[in-house]
Amino acid sequence: MKIVSLQSVGLGAAYTRGDGEQIIAPDEIYVGTTILSSSSISLGVTVTEINYQQGDFDAYGFEIYTVHTSDGHIRVLPADKYIAEWSE
C-alpha cells in the first residue's frame, strides 16, 4: 500500500462568501500533481512520492509525512494535521 494524497485538517485557505460566511478550503496534495503556492500559483515542482514515518524523532514519538518532489526536496508535514488516502 502507498499514499496517493494528503488533505489537511484545520489548515488551508480561508475565503469569505458574499453573505459573510467564512469557508476554509483544505490543502490537498496528490502524487503526480504540481504543488501550488498559497495564492494558487504553480511552484513548478511535481509530487513524486508521499511516505508516512513514525519513530523516535523526539521524546514523544513524532509522526510525519514526507512529501518527495521532482526538484529533489523533501517536505515534512505533521501527521496529526493531515489525512492520507492509501491505495494499492
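Mentor: K81 counts as partly exposed because its relative accessibility is 36%; buried means under 20% relative accessible area, exposed over 50%, and partly exposed in between (1.4 Å probe, protein chains only). This is a predicted model, where local features need pLDDT of at least 70, side-chain atom pairs count only at pLDDT 80 or more, and totals for chains, interfaces and linings use all residues. Residues are numbered from 1 along each chain as its sequence is written, and side-chain values use heavy atoms, with hydrogens and water left out.

Trainee: Where does K81 lie?

Mentor: Look in the loop between strand 8 (74–78) and strand 9 (82–87); strands (E, at least two residues) are DSSP runs, numbered from the N terminus.

Trainee: Which residues does K81 touch?

Mentor: Contact means heavy atoms within 4.5 Å. Leaving aside residues up to four places away in sequence, K81 touches Q7, S8, V9 and L11. The C-alpha atoms of K81 and L11 are 7.5 Å apart, although 70 residues separate them along the chain.

Trainee: How do I read a sheet?

Mentor: Strands of a sheet pair through backbone hydrogen bonds, either parallel or antiparallel. Two strands pair here if DSSP finds at least two bridges between them.

Trainee: What is the bridge partner of N51 in strand 7?

Mentor: That is T66. Strand 6 (residues 42–54) and strand 7 (residues 63–69) pair over seven bridges.

Definitions and conventions: Helix = DSSP H or I, 4+ residues; strand = E, 2+ residues; numbered from the N terminus.
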